[in-house]
Protein chains: 2
Amino acid sequence: MTGRHEVLVAGAGLSGSLAAIYLSRQGHTVRVVERRTDPRLSTAEGRSINLGLSQRGIQALREVGLLDELWPKTTPMRGRMVHTADGQSFHPYGTEDHQILHSILRDDLNSALVDRAESYGVRFDFGHRVVALDRTLPVLTVTDPAGESHELKADLVIGADGAFSAVRAQLMRGERAEFHQEFMDWGYKEITIPADDRTRLEALHLWPGRTGLVVAHPNHDGTLTATVFLPFDGPGSFAELTTPERVKAHCDTEFADLPGLVPDLVAQFLSHPTGSLVTVRTAPWQHDGKVVLIGDAAHAVYPFYGQGMNAAFEDCSVLARCLGDGDLPGGLREFEARRRAHTDVLAELSKQNFLELRDGMRSPLFLARRKADLLLHRLFPNRWTPLYTMVAHTTTPYGDALARARRQDRALVAGLSTVAVTVAAAAMTALVAARSRRQVR
Amino acid sequence: MTGRHEVLVAGAGLSGSLAAIYLSRQGHTVRVVERRTDPRLSTAEGRSINLGLSQRGIQALREVGLLDELWPKTTPMRGRMVHTADGQSFHPYGTEDHQILHSILRDDLNSALVDRAESYGVRFDFGHRVVALDRTLPVLTVTDPAGESHELKADLVIGADGAFSAVRAQLMRGERAEFHQEFMDWGYKEITIPADDRTRLEALHLWPGRTGLVVAHPNHDGTLTATVFLPFDGPGSFAELTTPERVKAHCDTEFADLPGLVPDLVAQFLSHPTGSLVTVRTAPWQHDGKVVLIGDAAHAVYPFYGQGMNAAFEDCSVLARCLGDGDLPGGLREFEARRRAHTDVLAELSKQNFLELRDGMRSPLFLARRKADLLLHRLFPNRWTPLYTMVAHTTTPYGDALARARRQDRALVAGLSTVAVTVAAAAMTALVAARSRRQVR
C-alpha cells in the first residue's frame, strides 16, 4: 500500500457512485460532485428508466456486498418474448437456471449506491457542475447551485460524468487524444405498458417492426417500461409521426399486439421526449496517475446488447483491483490496458445487436442458428458457449468472448466440412463398389 | 440569383482567404476574422512552411485568376528523389510534362490570397478569436485583440478555422454530430537544408528510414524545407533523441546523405518544436443554410498524399459553384453531398501513403509495381491511369479516383489470369498433341 488517496469523482450516476463505494472500502477518502439533483429526491431526466443487470453487473454488486439488498427489487427476465402478427414466441436466454437477466429501476439502483457510499463516509455534492480541470495537479473547478466557483484539489480525479463528459473534454485539451463520436440515425421514446396478463411472463418483450423496434423491461409492479426505437427521418420516422392518426396507423401496422396493451399509446408517444443514441470511443483514458475516465465517459455504447451499465460496473471492479496497491500512475495505466480493447469490442457488438433484435428475431434462419447455438452449448458445455451467453452470463472479457466465438464458428465450419467430405467420400465409395459389382455381373 | 449575402469567414488561412475571393467575386459581401496575426507581417507559427500545389489547387487558383501571379513563386517537383545508403534514385511523378507538383511557401501563397481578397473589398480582422456561435441566426461572437467582445451578424458563417475549428465545436453542440479525431503516433520537426548541388534536381526529396522518414520540398532559393517524421515514443523516437549524440547517431544510421547536407542538423533538430499530425472527420458540415465548414475544419488529413491544401482549395471551388444561384440552404446541402464522401476517401489514402513513402520507396516490389503502373498508363492512356496520377494530376473526385483504380486492378488481375490460363491451355494442348503423336508413332 503506497498510500491512501484523496479521490474526487465527477458524476454520481451508476458508475461514479459504485466507484466511490469500491474506493472508500479500500480506505481512500472519496468525494463526489454531480451536476444533477440527488437521485433519491427526483427521477433522472432523459435517461432510460429501467435496466437489465447481467453477470458482470451482478458480480460487481456482489463484490461490494450490495447484491442481497438489491435482489428483492429486481425482476427476472428468462428470455425474449417476441410479439409479431403471428402471435408470441419465447426464446430463453440460456440453458441453465442462472442464465437470466434482472430488470431493475435505475432510480432504485442509483439511490442504493449513493446510500451505501454515504454509509462509508463518501461526501456527495449535488447540483455541482464541472467547469474546468487542471489535469497536472489535479484540480477540478466546479460551480455550486448558487453559481459560486470552487477549486477542488485531489490526488485522483475520476471522470464518471457520462457520454458527454466534461472531464473527458478537459483531459483531451491539447493532447494527442483519439476521439470518436457517432449518433445512430434512430432515436427512442419511453412508453409505459400497464400490467396485463398477456405480458405477465418474466421476459424481455420485443416487438420487431420493419420500421421500428420496441423493447420492454418488466417492472416489479407488473407494468413494463417500453422503449420505442424509430428512425429520426424518412418513412415511419419520428419526423413523420407527428399526428395521432399517423402514430396509430404506424403502431397498428408495425407493433402487433402493442397498441392493444397500451390504451394511451398515442398520447404517450406524442407527449414523451425523443432521445438520441450515441457511441463514444476515446483514448487515452487516463493522465499520469491524476485523472481517469470510467463508464460512459470512457466508452458510451448503443443499448442493444444491454451491457452499458454492466460494462460500467465492471470498470469499477477492474479499477479498484488495479489501484489495490495504491500506485496511481501504474494502476491507471494498467486499468486502461486491461479494459479499453474490450469496451471497443463491446461498442461494435452493441451496434450489431440492433440488427439482431430488429431483423433476427423475425428471421427463421437466425432463430434456427440461435437454437443450434444453445443446443451445442447443452451438448458440449465446456467446448461451445454462444457469444451472447459469454457476454451476458459470464465475466469473460468482451474481446476474449468475441475471439472464442469466432474460434468456435471456424471449428464448426471445419467440422461440418469434414462431415460433408466424409459423407461424400462414403457415397462415392458405395457408388464405385456398386458399379464394379455391376461390371462383375 | 436569389440574393447577395453577408458572409462571415472564420479563418484567414488558405481556405478562408480563397473562399473570400470566390464569394466576393460572386457579389457577396465578405468579412474575415482570424485569430492569428496578418500572414503578410509575420511567419505562421507551428505550421508547415512550404506546400506542394497539385492539379486541384492549380485549377482553383486559375479559376480566380491568381495562377499567373503565383507561378513565378513556385518551384517544380518532377518526381521523387529517393536518398538511401545505396545512393539516389529518381522516380518521375508522371509520364507527361504537366504531371508535376509545384512547391510554394505557405506565406507567399497566403499573403497573395489575402491581398487579392482585399482588392475585392473583403475586410480582414486579424487577432480576433471566435468564442461563440449562434448557428440559428447566425451570429458569431469574437473577441478583438483588446479583449473586447463583438457579435457579428451574417447570412452565412464559413468555418475555415482549421483542424481544431472553434466554429465546428459550436456547430456540433447539442447536435447528433459525428466526429472522429485521431493523432498519428509519429510527429514531425522542420529542418532547413542549405542550397547544394546534390539536391539541385527539381524533385521532392525523400529519405526513407527504418525508424523515421524525411520529406523535403525545394524552395526558390535552392534551399529545401525538410520535415523529419519520427515516432513520439519507443526506439529512435522524439522521446529518445534528446541529446546531440543520439540525434547524430540516429540520423547517420537512418537518413543516408542527409547529415552531410545539413551541417547544423543536430542543432536544428534539438531547437525546433515537434508538431503532431491529426486526422479529423465530421458530419454534418453545415447547418440550415447558415453555417458551413471547409478545409481542415471539415476534413483534416495526414500530409502524406500532399493533398490537404489542394482539397481545401477544391472545397472553395465546389462551394462557390454550389452557391452560384444564391440559395444558401440548398447550396450548402449540395456542397456537403458533393464533397464529404470524397474527402473521407482522401483521409484514408493519406494514411496509407505514409507506408508508401516510408516502406514503399525502398521496396523493389513496390517500385516495380509503380513502374508497371506508369508503363500501362503510357501504353493505354485512356484506359489506365495510376491512382496517384488521378489524385495529384487530375480533378477527378477522390472517391471516383479510388473506385477507378480498383476497377483497373480487377481488370488487370482478370487479364493476367486470362493470359495465364491461355498459356496453360496452349501448353496442355501442345503436350497432349505431343503425347498422341508419340502414341501414334
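Student: How many residues does the contact take from chain A and from chain B?

Tutor: In this predicted model, the contact draws on 14 residues of chain A and 14 residues of chain B.

Student: What area is buried between chain A and chain B, and what share of it do carbon and sulfur atoms give?

Tutor: The buried area between the two chains is about 1200 Å². Carbon and sulfur atoms contribute 54% of that area.

Student: How many salt bridges does the rule find across the interface of chain A and chain B?

Tutor: Between chain A and chain B the rule finds zero salt bridges. Polar contacts are a separate count: five residue pairs, both members at pLDDT 80 or more, are in polar contact between chain A and chain B.

Student: Which element gives the most to the side of chain A that touches chain B?

Tutor: Strand 13 of chain A, residues 178-193, gives the most to that side, with eight residues. Sorted by class, the side of chain A that touches chain B holds six nonpolar, three polar and five charged residues.

Student: How does one read the pairing of strands?

Tutor: The general idea is that strands of a sheet pair through backbone hydrogen bonds, in either a parallel or an antiparallel sense. In the present case, strand 13 of chain A and strand 13 of chain B, residues 178-193, run antiparallel and are joined by three bridges. One bridge can be located by its residues: A:Gln181 has B:Phe179, in strand 13 of chain B, as its bridge partner.

Student: In what order do the six strands of the open sheet in chain B stand?

Tutor: The order in chain B is 8-2-1-12-19-18, and the pairing is mixed.

Student: Why is one side of strand 8 and of strand 18 of chain B left without a neighbour in the sheet?

Tutor: Strand 8 (123-126) and strand 18 (286-287) of chain B are at the edges, and each has a single partner strand, so one side of each lacks a neighbour in the sheet. For strand 18 of chain B, the pairing with strand 19 of chain B, residues 291-293, is antiparallel over two bridges. Within it, B:Gln286 is bridged to B:Val292 in strand 19 of chain B.

Student: Through how many residues does a hairpin join strand 5 of chain B to strand 6 of chain B?

Tutor: The hairpin connects strand 5 and strand 6 of chain B through two residues. These strands, residues 79-84 and residues 87-92 of chain B, run antiparallel and are joined by six bridges. In strand 6 of chain B, B:Phe90 is the bridge partner of B:Met81.

Student: What is phi of A:Ala256 near?

Tutor: Phi of A:Ala256 is near 45°, a positive value in a residue other than glycine. A:Ala256 belongs to the loop between helix 6 (244-254) and helix 7 (258-261) of chain A.

Student: What ipTM and pTM does the predictor give the complex?

Tutor: The complex receives an ipTM of 0.81 and a pTM of 0.86 from the predictor. For chain A the mean pLDDT is 92, and 97% of its residues reach 70 or more.

Key: Residues are numbered from 1 along each chain as its sequence is written. Chains are lettered from A and ligands numbered from 1 in the order in which they are written. This is a predicted model: local features need pLDDT of at least 70, side-chain atom pairs count only at pLDDT 80 or more; totals for chains, interfaces and linings use all residues. Side-chain values use heavy atoms; hydrogens and water are left out. Contact means heavy atoms within 4.5 Å. Buried area is the accessible area (1.4 Å probe) that two parts lose on being put together, summed over both. A salt bridge is a side-chain nitrogen of Lys or Arg within 4 Å of a carboxyl oxygen of Asp or Glu. A polar contact is a pair of N or O atoms within 3.5 Å; within protein, one must be able to donate a hydrogen and the other to accept it, and residues adjacent in sequence count only if both atoms are side-chain atoms. Helices (H or I, at least four residues) and strands (E, at least two) are DSSP runs, numbered from the N terminus. Ala, Val, Leu, Ile, Met, Phe, Trp, Tyr, Cys and Pro count as nonpolar, Asp, Glu, Lys and Arg as charged, and the others, Gly among them, as polar. Two strands pair if DSSP finds at least two bridges between them. pLDDT is the predictor's confidence in each residue, from 0 to 100.
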